[in-house]
Structure formats: C-alpha cells, structure tokens
Amino acid sequence: MNSISVRLATEADSKEIFEWRNDELTRQMSHTSEVVEWEGHRRWFENSLSSQCRLLLICEGIFSEKIAIVRFDLEADDALVSINLSPNQRGKGFAKDCLSSSIDYISKKYKDLQYLMAEIKEINLASQKTFLGVGFELYEVKDGMGYYRKVLG
C-alpha cells in the first residue's frame, strides 16, 4: 500500500527545501554543485510557486513528514522532472513511490502531457534506478549526463 501523499508546495516549505538543496550529496548530484544562497533560493522558490510553467510537489509520509520535492518544468506537451529527497529520508525506499505518486498527480492535472523527461548524472545510480523503476527509458548519454523519457498514456 502506498503511504505517500502529494500536495502542492507552499511558501512554508521554502526553508526546508533550501536546506535539502544545500545538502552535500544533493549538490554533488545536481547540475550545479555550488552552495545556494538563501536570498537566491527564496526568489527562485517564490517565482516557482507563481509560475505557470513549473509545478513543485511535496511528497509526505503517513505522519505528514516531508519526504521529497518533485519539480516539473512544463512545456507544451512534455515536462522535465526532477526529485530531491530529504537527506533524512534517503535509503528508506520512498523515492519510487514519491515519483510515481507525483506523476499520477500531474497526469490528472495536465491531460495534454504526452511524455516526461529527466536528466540524471551518470554517477547518480539511485536516481537512475528510481526513474527506470517508474517506466522511464534511457535514450541518450552525453557528457556524463543520461537523458531519460517516459511516454504517458
């Protein structure tokens, strides 16, 4: 049974997501590995919440503890997906359920989406396993980055 719930992120999530983003392992696996400053994150988070082209979802467990944030950058018929687990929730088997539940959420809300994309560093074996486990397929590897796609429908 899936004990993960998904909700839209709110301003109240910003500080915690900031802390997750600056976690050392998170930075190593991200496109940009620099430490993010608070003011820059605050602006990014505020703009993301109000954007029509971005959706931030929070995955929570049965006691409303935050497990992950899933970001969808929306285009006409596709979306680029990324996930960042709370450092405290890594290794507990939540990533696949969080991603799957988030995909279900967005698929119901955006019925025109035909496929999802993900860009994952070749060294990020955990994310590769998670995305492959929910139906993404690797279609290209270039400059240390794997490009994945999932057809919806």
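Predicted model: local features only at pLDDT ≥ 70, side-chain atom pairs only at ≥ 80, totals over all residues.
**Exercise 1. Find which residues Gly 144 is in contact with, beyond its neighbours within four places in sequence.**

Step 1. Contact means heavy atoms within 4.5 Å. With neighbours within four places in sequence set aside, Gly 144 is in contact with Ile 120, Lys 121 and Glu 122.

Step 2. Now place Gly 144 in the fold: this residue sits in the loop between strand 6 (137–142) and strand 7 (145–151). Helices (H or I, at least four residues) and strands (E, at least two) are DSSP runs, numbered from the N terminus.

Residues are numbered from 1 along each chain as its sequence is written, and side-chain values use heavy atoms, with hydrogens and water left out.

**Exercise 2. Decide why Gly 144 counts as neither buried nor exposed.**

Step 1. Buried means under 20% relative accessible area, exposed over 50%, and partly exposed in between (1.4 Å probe, protein chains only).

Step 2. Gly 144 has a relative accessible area of 33%, so this residue is partly exposed.

**Exercise 3. Explore the largest nonpolar core and name the residues that touch the most other members.**

Step 1. A nonpolar core is a set of buried Ala, Val, Leu, Ile, Met, Phe, Trp, Tyr and Cys residues joined through side-chain atoms within 4.5 Å.

Step 2. The largest such core has 28 residues, and Phe 72, Leu 116 and Phe 136 touch the most other members.

Step 3. At least two residues of this core come from each of strand 2 (54–60), strand 3 (66–74), strand 4 (78–85), helix 4 (95–109) and strand 5 (115–121).

Step 4. Another core lies apart from it, with 7 residues, including Trp 20 and Ile 69.

**Exercise 4. Work out which element gives the largest share of the lining of the second largest pocket.**

Step 1. Helix 3 and strand 2 each supply at least two lining residues.

Step 2. Strand 2 gives the largest share, 3 residues.
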